[in-house]
Amino acid sequence: MNRILVSQPKPAAVEKSPFYELVSKHNADIVYNPLIKVVGVSLKEFRAQRVEILDHTAVIFTSRTTVDSFFRICEEARITVPETMKYICQTEAVALYLQKYIVYRKRKISFADGSFTNFLELIIKHKEEKFILALSEPYKPELPEALDRLHLSADRVIFARTVAADTAGLDISSFAVVALYSPSDVAVLVEKFGSDNLPSVAVFGEATLRAATEAGLDVKANAPTPEAPSMAKAIDLYLGKLNRGETVDGIRYTVDHQKEEFVRTQANRLAKRSRVQRPAESATKK
């Protein structure tokens with residue numbers, strides 16, 4: 001039997017999980033056990049960052065956890081968020097989650113399709129705003145670094161932190177595959193169980209692949225890809241190859257030059273617009 005550790009909470013309806021098919025198809029035993037948990041920062045921790053929420057006109061959200069923490073902090077600090085505040089969300093799911101705290105109006109809530117390039121294009125459309133970039137620590141550096149390169153006004157603010165979950169009694173050597181969803185998953189796996197003699201891992205996302213590669217883990221499956229849009233599909237393909245007796249090579253992280261070129265192109269466009277606007281503004285003042 002193929003034992004698979006999925007570093008996610010156990011779903012309410014296991015039979016509806018995308019991993020359920022692996023049980024019958026590959027004789028798999030799926031064990032759900034998060035390696036990490038995310039907790040919101042305290043009001044004291046927020047204030048130590050010396051950021052005034054009301055000095056900003058828009059908030060960039062990438063997760064529901066930071067949404068919860070942002071509005072909790074506002075409540076504890078007795079900050080009334082103005083109705084004019086705009087919200088830029090990475091996905092529609094995050095945007096819809098805002099309904100828990102505010103009246104949903106499309107004019108002040110915008111969302112991308114989840115891809116980095118679409119999200120960055122959406123933020124650029126609102127380039128005149130003063131942004132709060134709501135982050136959960138540790139965070140992927142690509143978005144804040146891209147905003148810096150584009151010279152957009154965006155303050156990085158930590159609203160949540162990732163800490164290790166309870167792994168007591170977890171026999172890591174009993175698993176054939178460990179499914180990891182974030183760089184924090186990678187860090188906790190290595191911290192709790194060492195880097196030697198670990199099972200093969202499947203990873204989700206470019207940042208997780210990079211962290212796993214740098215940690216020296218044996219990555220055998222990754223998602224999303226055209227062939228494997230989900231973690232369950234990536235593991236399905238991997239187990240299928242093993243069942244056919246095929247040799248599965250390890251997967252390594254490589255730099256996404258296309259993404260780098262996209263950021264560079266956007267930065268050049270904004271710089272050109274800025275140079276064109278300055279002479280026009282000077283002529284108007286005269």
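Start with Phe70. Its relative accessible area is 0%, so Phe70 is buried. Buried means under 20% relative accessible area, exposed over 50%, partly exposed in between, with a 1.4 Å probe and protein chains only. Keep in mind that this is a predicted model: local features need pLDDT of at least 70, side-chain atom pairs count only at pLDDT 80 or more, and totals for chains, interfaces and linings use all residues. Residues are numbered from 1 along each chain as its sequence is written, and side-chain values use heavy atoms, with hydrogens and water left out.

Now the rings. How many aromatic pairs are there in the whole structure? Nine. Rings of Phe, Tyr and Trp (its six-membered ring) pair if their centres lie within 6.5 Å; planes under 30 degrees apart are stacked, over 60 edge-to-face, the rest tilted. Phe19 and Tyr32 pair edge-to-face, at 6.4 Å between centres and 80 degrees between planes. Phe19 is buried at 5%. Tyr32 is buried too, at 15%.

Back to Phe70. Phe70 pairs edge-to-face with Phe159, 5.6 Å centre to centre and 70 degrees between the planes. Phe159 is also buried, at 0% relative accessibility. Ring pairs join both into a cluster, along with Phe46, Phe61, Phe71, Tyr87 and Tyr101.

Last, Ser7. Buried or exposed? Buried, at 4%. A polar atom of its side chain sits 2.6 Å from the backbone oxygen of Ala179. The Ser7 side chain also makes a polar contact with the Asp185 side chain, at 3.2 Å. A polar contact is a pair of N or O atoms within 3.5 Å; within protein, one must be able to donate a hydrogen and the other to accept it, and residues adjacent in sequence count only if both atoms are side-chain atoms.
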